[in-house]
Amino acid sequence: MAQIKTENEYRKLMQRIDELIEVVDDNTSKDDINYIELDLISDLVEEYEDIHYPIGTPSLVDTIKLRLYEMDITQAKLAEILGISPARVSDIMRGKCEPTLKVARDLCQKLNISPAVALGLN
């Protein structure tokens, strides 16, 4: 299969994807030429992005920050939920210390965070 070799090729294919998205929708037949072209180009772009724009696994702190934002919870409220001091939450959030196993388990359960993230098994 072909491969994207330059950033310019990548940008042009991204433009083509934008054009195709205007004509392809959930009701488009899978044997439609536009559908097939979009599918092929999307695979090429995904492969290029995996190499040139990799997305790393978020850290525990980043995950906690996101969940606090999504749940509209403050660090003080998190401390209350976990039954630990606000200073301890602050230390965890600044990376000054790791959560204990009990706190990590509570974070996973109460914030719906993957245990793999809490244990650093990214």
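**A conversation about cores, rings and loops**

Student: Where does D72 lie?

Tutor: D72 lies in the loop between helix 3 and helix 4. Please keep in mind that this is a predicted model.

Student: Is D72 buried or exposed?

Tutor: D72 counts as exposed, because its relative accessibility is 71% and the cut-off for exposed is over 50%.

Student: What is the phi of D72?

Tutor: The phi of D72 is positive, at about 55°, although D72 is not a glycine. As background, most residues other than glycine have a negative phi.

Student: And what about N112, what is its phi?

Tutor: N112 also has a positive phi of about 55°, and N112 is not a glycine. You will find N112 in the loop between helix 6 and helix 7.

Student: Why does N112 count as exposed?

Tutor: N112 has a relative accessibility of 64%, so it counts as exposed.

Student: Let us change topic to the inside. Which residues of the largest nonpolar core touch the most other members?

Tutor: They are I64, L78, L107 and L111, in a core of 21 residues. Helix 3, helix 4, helix 5, helix 6 (101-111) and helix 7 (115-118) each supply at least two residues of this core.

Student: Which helix gives the most to this core?

Tutor: Helix 6 does, with 5 residues. In general, nonpolar side chains in soluble globular proteins tend to be buried together.

Student: Could we follow one member? What does L78 touch?

Tutor: Not counting residues up to four places away in sequence, L78 touches I64, L68, I73, V89, L107 and L111. Another core, of 10 residues, lies apart from the largest one, and its members include I4, L20, V24 and L44.

Student: How many cavities of 30 Å³ or more does a search of the whole structure find?

Tutor: The search finds 1 cavity of that kind, and the volume of the largest cavity is about 30 Å³.

Student: Which residues line the largest cavity?

Tutor: The lining consists of I64, L78, L82, V89, I92, M93 and L107. Helix 4 (75-82) and helix 5 (86-93) are the elements that give two or more residues to this lining. The largest share, 3 residues, comes from helix 5.

Student: Now the rings. How many aromatic pairs does the structure hold?

Tutor: The structure holds 3 aromatic pairs. In one of them, the rings of Y10 and Y53 have their centres 5.7 Å apart.

Student: Why is the pair of Y10 and Y53 called tilted?

Tutor: Their planes stand at 40°, so the pair is tilted. Planes under 30 degrees apart would count as stacked, and planes over 60 as edge-to-face.

Student: Is Y10 buried or exposed?

Tutor: Y10 is buried, with a relative accessible area of 10%. Y53, at 39% relative accessibility, counts as partly exposed.

Student: What does R16 touch?

Tutor: R16, which has its place in helix 1 (residues 7-23), touches N34, E37 and I41, leaving out residues up to four places away in sequence. At 27% relative accessibility, R16 counts as partly exposed.

Student: One last topic: where is C97, and what is it in contact with?

Tutor: C97 is in the loop between helix 5 and helix 6. Leaving aside neighbours within four places in sequence, C97 is in contact with R88, D91 and I92. C97 is buried, with a relative accessible area of 19%.

Student: And T63, is it buried or exposed?

Tutor: T63 counts as buried, at 13% relative accessibility. T63 is found in helix 3 and touches P58, I113 and V117, not counting residues up to four places away in sequence.

Key. Residues are numbered from 1 along each chain as its sequence is written. This is a predicted model: local features need pLDDT of at least 70, side-chain atom pairs count only at pLDDT 80 or more; totals for chains, interfaces and linings use all residues. Side-chain values use heavy atoms; hydrogens and water are left out. On a 1 Å grid over the protein atoms alone, a cavity is a set of points where a 1.4 Å probe fits but cannot get out, and a pocket is an open set with protein on both sides within 12 Å along at least five of seven lines; lining residues have an atom within 4 Å of a point. Grid points are joined across faces, edges and corners, and a volume is the space filled by probe spheres set on the points. Helices (H or I, at least four residues) and strands (E, at least two) are DSSP runs, numbered from the N terminus. Buried means under 20% relative accessible area, exposed over 50%, partly exposed in between (1.4 Å probe, protein chains only). Contact means heavy atoms within 4.5 Å. Rings of Phe, Tyr and Trp (its six-membered ring) pair if their centres lie within 6.5 Å; planes under 30 degrees apart count as stacked, over 60 as edge-to-face and the rest as tilted. A nonpolar core is a set of buried Ala, Val, Leu, Ile, Met, Phe, Trp, Tyr and Cys residues joined through side-chain atoms within 4.5 Å.
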